[in-house]
Amino acid sequence: MLGLNSLLFPAEESPPSVSYTFVLLKGKVKEELELKVSPPYLRIDRPKELFSVVYNEQEDSFLGMEHRDGRYWKFSWKTIQKAVEKIKESSYHIRRDPYSDPSEQSLDEILNPSFFPHYGRFEPFGAPPQLSWTKSSQSKSSPFGELFQWVGKDEKTQAVCWIQPLTAEEAANWDWAVPLLRKACQILSFLLGENAWPSSSLDIWASLPPKAGIPIETRWTEEENALVLFLQRKRVLSGLSWTNPPQNYLSEELSLLEEYKNP
């Protein structure tokens, strides 16, 4: 990824920030979601919830913004991770790599799997389901160009994605962003109970073949509800001002993270 960027952009320049605005439809409920990408940063905006979060992969850190009352908070996942590993009462095993290879497990771990509850929240850091994807012969036009239909299935899930092929640069950025977005959302769910992005859509996107392109439209069923997530607009941003909180926002501490400060 770094090698690709160094070839595409001079040393004094950085790759442009790209903003993707998606719309989630669940029955009659409609919600706008925005994803900004510029390695090592990605940002999720939930305008309906007046909430934003920035994840910095290089520092493995989070910046959250609560727009309702003009406040922001920060935490380092590396620091929290070390603390969680030492808190016996949490009964939770945090791996350094959330996407650990099952082949690396010991025989004892395989024969005696453990259950690790954490205050009633679901277990994060599971690998995405391995859907079997087939590119159909169907295509259609869109404001983003010609789209191709991919159908993914396993024993529990069926998903349909209408995908726009991307240039090498765009594909590298998108394929970088999806697993990091999924990881960031799992961490937020584990620590704060915050569902920053529809997790099922991230499972679907993460299981797509590499370099397939960007899913302009994703359709799947969840708890007997038909869901659609589609890209409404895409634009290039200038600068990285979106990686910092507004100057008039006040810093605050998150009480939910108190348990991890003094393991």
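Modeller: What follows concerns aromatic pairs, charges over rings and cysteines in this predicted model.

Colleague: How many aromatic pairs does the structure hold?

Modeller: The structure holds 11 aromatic pairs. One of them is formed by F22 and W174, with 6.4 Å centre to centre and 35 degrees between the planes.

Colleague: How does the pair of F22 and W174 count, then?

Modeller: The pair is tilted, because planes under 30 degrees apart count as stacked and those over 60 as edge-to-face.

Colleague: Which parts does that pair tie together?

Modeller: F22 belongs to strand β1 (residues 17-26), whereas W174 belongs to helix α4 (residues 168-192), so the pair ties together parts that are 152 residues apart in sequence.

Colleague: Are F22 and W174 buried or exposed?

Modeller: F22 and W174 are both buried. They also belong to one aromatic cluster, which is formed by Y20, F22, W174, W197 and W205.

Colleague: Turning to charges, which ring does the charged end of K135 sit over?

Modeller: The charged end of K135 sits over the ring of F148, at 4.6 Å from its centre. Likewise, K140 places its charged end over the ring of W162, 4.5 Å from the ring centre.

Colleague: On to cysteines: how many disulfides does the structure hold?

Modeller: The structure holds 0 disulfides.

Colleague: And why does C161 count as buried?

Modeller: C161 has 0% relative accessibility, so it counts as buried. C185 counts as buried because its relative accessibility is 8%; the cut-off for buried is under 20%.

Notes:
Residues are numbered from 1 along each chain as its sequence is written. This is a predicted model: local features need pLDDT of at least 70, side-chain atom pairs count only at pLDDT 80 or more; totals for chains, interfaces and linings use all residues. Side-chain values use heavy atoms; hydrogens and water are left out. Rings of Phe, Tyr and Trp (its six-membered ring) pair if their centres lie within 6.5 Å; planes under 30 degrees apart count as stacked, over 60 as edge-to-face and the rest as tilted. Helices (H or I, at least four residues) and strands (E, at least two) are DSSP runs, numbered from the N terminus. Buried means under 20% relative accessible area, exposed over 50%, partly exposed in between (1.4 Å probe, protein chains only). A charge sits over a ring if NZ of Lys or CZ of Arg is within 6 Å of the ring centre and within 35 degrees of the ring normal. A disulfide is a pair of cysteine sulfur atoms within 2.5 Å.
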